[in-house]
Amino acid sequence: MMNEYFLNNNNEEDNEFLPIIPLNDSDDETDKDTVFPSTMPVLPLRNTVLFPGVVLPITVGRDKSIKAVQDAYKADKLIAVLAQKSVEVDDPAATDLVNIGTVARILKLIKMPDGGTTVIMQGKRRFALQSMVSTDPYFKAVVEYLPEGNIPDTDHFRAYVGSIKELAAQITQLSPNIPSEAAMILKSIENPSFLIHFVSGNMNTDLKEKQSILEMNDITERAEELTRLLNRELQFAQLKDQVTNKTRTELDKQQRDYFLQQQLKNIKEELGSDNVAEVHQMKKKAELKQWPDAAKQAFNHGIEKLERMHPSTPDYSVVYNHLDLLLDLPWNEVTADKYDLKKARKVLDADHYGMHKIKERILEYLAVLKLKGDMKSPILCFVGPPGIGKTSLGRSIAHAIGRKYVRLSLGGLHDESEIRGHRKTYIGAMPGRILQNIRKIKSSNPVMILDEIDKIGSDFRGDPSSALLEVLDPEQNHSFYDNYLELEYDLSKVLFIATANKLDSIQPALRDRLEIIDLSGYAIEEKVEIAKRHLIPKQKEAHGVAGATFTLSDTVIEKTIENYTRESGVRELDRQLAGIMRYQAKELAIKGKLKATITQADLTKILGMQRYSNDMYKIANMPGVTVGLAWTYVGGDILFIETLLSDGKGELKLTGNLGNVMKESATTALTYLQANAKKIGVNSSAFTEKNIHVHVPEGAVPKDGPSAGITMLTSLTSAFTGRKVKPYLAMTGEITLRGQVLPVGGIKEKVLAAKRAGLKEIVMCWQNQKDVEEIDQRFIAGMQFHYVKTMQQVLDIALV
């Protein structure tokens with residue numbers, strides 16, 4: 001690329017310029033009369049090479065150089081010009097100069113305002129340095145002039161000259177710093193020697209390469225070397241032009257985009273619909289967000305769409321709310337688990353009394369996490385009667401392991417969209433409740449309670465329990481898809497805990513994904529401890545009598561449980577204790593003091609007459625009446641089965657709101673009794689002469705199940721034989737036509753119900769013995785269990 005075509009008044013240390021083109025490129029006629037001396041002053045040049053015929057303006061600054069120029073100008077105006085070998089040398093010695101240079105004629109001296117001197121000189125002849133005769137006050141040397149050969153009259157040389165002109169013209173066009181007139185000047189040069197010298201001096205190449213051209217004696221060699229260098233410079237100029245054009249195009253596009261954006265901003269301001277602040281705030285928040293690539297791409301796509309939308313358009317709020325959800329979800333944000341198992345056990349024990357099976361399962365989960373560092377969260381399901389603390393246990397677990405807690409109530413849920421979310425194009429669309437809760441608590445690994453999972457409904461809007469199949473499958477929930485989010489979200493770190501009162505209403509596919517943990521009702525002893533540790537302090541605090549000094553003895557608490565509650569849990573007990581606390585608060589507010597101890601007599605005054613009595617269950621005082629044990633979703637219960645015979649034709653009547661299974665049990669019992677009448681001691685003619693009426697009291701309560709089979713048979717046998725049933729005795733078990741006794745479920749609840757009712761003996765299948773052994777023996781002390789295999793054994797034990 002060629003240098004600038006301007007006079008550049010640099011000193012000889014830093015002169016980058018284009019030599020001035022003489023009006024006459026051949027001064028041979030003038031030079032014929034010029035005498036060139038053999039000894040003359042020397043002017044060192046730092047950054048260029050002077051060629052014969054070329055005019056060069058420079059500014060000299062060194063004292064030696066100024067003196068040499070002035071003396072030469074006063075004499076014959078001739079001076080020897082040599083280039084420095086290195087541009088780094090400020091005060092060159094003789095050895096720092098090249099050996100071949102150009103003798104120049106000083107055309108003009110111009111003194112500058114800053115004290116410097118500008119010299120305009122024209123190269124005349126090449127010379128070789130013979131010796132340096134003086135270095136002070138400036139360099140003076142003996143020179144030998146080099147002959148200039150004749151210009152060849154060959155096509156080969158003419159081709160070189162034409163190529164040089166063409167290449168120089170192309171470089172001139174590609175270089176924006178070179179004025180267009182330069183191309184015209186190049187075309188006007190007719191002397192080939194001057195053309196070569198002029199282009200060599202103009203070319204923006206290395207100083208050594210210029211010097212090498214000057215040192216060549218054969219003009220054809222100079223032309224050949226110059227052509228090579230010009231080709232290289234042309235390639236570089238073309239590349240630079242491409243880069244410049246590309247950069248200019250990009251800058252033009254940026255300027256255009258900026259201009260349009262400013263216009264769009266002004267239009268929005270005029271319309272009063274500027275959303276720039278909202279978008280900027282979202283972008284700033286997104287820069288700090290740690291999220292998957294899919295979420296990041298979805299956000300970038302949405303934010304671009306939002307920038308183009310007017311806030312008053314209906315879709316604006318849809319896009320905005322979707323982006324807001326993306327930003328609010330804690331994609332990779334988790335809380336650190338606490339792996340201190342001893343502390344976790346203390347927290348669980350402090351919050352809940354008993355429940356050893358669940359506590360051990362949670363500690364096992366923590367132990368695996370501690371040792372392995374990573375584990376898919378189990379899907380636990382606590383099944384048990386109401387009021388035993390299933391839901392509150394979830395909060396306690398979250399506290400023990402250091403996670404956030406969230407509860408999702410599924411009772412009565414009937415729309416699948418509540419789980420998976422709505423399509424965001426619908427009016428009022430929202431994400432599913434799972435993602436809503438995760439968004440609210442800002443953590444991807446909470447303890448999430450799915451409360452009352454057995455009470456999910458289904459209708460034409462979908463089946464939510466089917467939608468939960470993906471949520472509660474550890475193999476699938478790492479890519480849970482929410483219809484509103486339209487992206488996959490990882491739920492595998494969430495510890496899901498479902499609660500249910502019974503498993504019958506949970507669909508099999510969903511039940512298969514749950515790790516079932518059965519929770520039984522509390523014994524009286526456990527309820528007393530729970531009341532003392534948790535319920536009484538809570539109710540004292542709630543009713544403003546926490547500072548009052550009064551006590552409830554264990555006996556009073558037991559009487560409250562026995563006479564005023566009938567439940568497996570402690571909710572009703574909590575309400576009765578709240579009634580006691582309200583009474584105490586009233587007494588304290590009126591009298592200013594309280595009795596130190598609440599007695600059994602005070603209970604009647606505070607809570608009224610006792611609601612439940614065990615007397616009616618203790619003795620079956622007539623034949624045909626037996627006590628059975630039942631399991632309901634609210635826990636264990638006891639029930640009477642009454643059989644009465646009357647004259648008739650052997651008809652069987654069943655009343656008491658019985659289900660089909662229970663009716664079939666009564667029919668099976670009667671058939672077995674008829675088949676074994678002689679063995680049991682029943683007159684077979686009675687079956688045709690007597691009508692049989694079997695009734696189960698509390699007729700408003702639906703009853704069903706096979707566990708009353710042995711109770712039905714015992715009641716029928718007692719009625720037909722006239723033998724009474726042993727007092728304080730209850731029984732449970734299914735029967736077959738062969739007289740075999742089969743095992744049933746809900747043993748712990750049934751046993752505790754018998755204990756609460758004051759019964760002392762229980763008859764059940766021998767295969768249920770393992771269930772009795774799982775019950776804490778402290779809670780069933782004083783009770784006797786009879787394990788039987790056949791119906792005959794039941795009758796031998798039960799009838800007196």
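Start by selecting D454 and K455: the two form a salt bridge, with their closest N and O atoms 3.3 Å apart. Keep in mind as you go that this is a predicted model. Color the pair by accessibility and the two partners part ways: D454 is buried, at 5% relative accessible area, while K455 is partly exposed, at 35%.

**Next stop: R46 and D90**

How many salt bridges does a search of the whole structure find? The count is 36, and here is another one to look at. Select R46 and D90, whose side chains meet in a salt bridge with an N to O distance of 2.7 Å. This pair links distant parts of the chain, 44 residues apart. R46 sits in the loop between β1 (39-45) and β2 (55-60), and D90 in the loop between β3 (78-83) and β4 (100-111).

**Then R158 and D153**

Move on to R158 and D153, where the side chains meet in a salt bridge at 2.4 Å, N to O. R158 is partly exposed, with 42% relative accessible area, and D153 is exposed, with 68%.

**A pair of helices: α9 and α10**

Now show helix α9 (residues 293-307) together with helix α10 (residues 314-328). Their axes come within 10 Å and cross at roughly 150 degrees. An angle over 145 degrees counts as roughly antiparallel, and α9 and α10 are therefore roughly antiparallel to each other. Turn the view to follow the crossing, in which α9 passes α10 in a left-handed sense.

Which residues make the contact? On α9, display A298, F299, G302, I303, K305 and L306. On α10, display Y316, V319, Y320, L323, L326 and L327. Colored by class, this contact shows ten nonpolar residues, one polar and one charged.

**Last stop: S665**

Finish by selecting S665, which lies in helix α23 (residues 660-675). With a relative accessibility of 8%, S665 counts as buried because the cut-off for buried is under 20%. What does S665 touch, leaving aside residues up to four places away in sequence? Show G705, P706, G709 and I735 to see these contacts.

Technical notes
Residues are numbered from 1 along each chain as its sequence is written. This is a predicted model: local features need pLDDT of at least 70, side-chain atom pairs count only at pLDDT 80 or more; totals for chains, interfaces and linings use all residues. Side-chain values use heavy atoms; hydrogens and water are left out. Helices (H or I, at least four residues) and strands (E, at least two) are DSSP runs, numbered from the N terminus. Buried means under 20% relative accessible area, exposed over 50%, partly exposed in between (1.4 Å probe, protein chains only). Contact means heavy atoms within 4.5 Å. Axes are lines fitted to C-alpha atoms, for helices over the stretch in contact, and angles run from 0 to 180 degrees between N-to-C directions. Angles under 35 degrees count as roughly parallel, over 145 as roughly antiparallel, 65 to 115 as roughly perpendicular and the rest as oblique. A crossing is left-handed if the near helix is turned anticlockwise from the far one by less than a right angle, and right-handed if clockwise. Ala, Val, Leu, Ile, Met, Phe, Trp, Tyr, Cys and Pro count as nonpolar, Asp, Glu, Lys and Arg as charged, and the others, Gly among them, as polar. A salt bridge is a side-chain nitrogen of Lys or Arg within 4 Å of a carboxyl oxygen of Asp or Glu.
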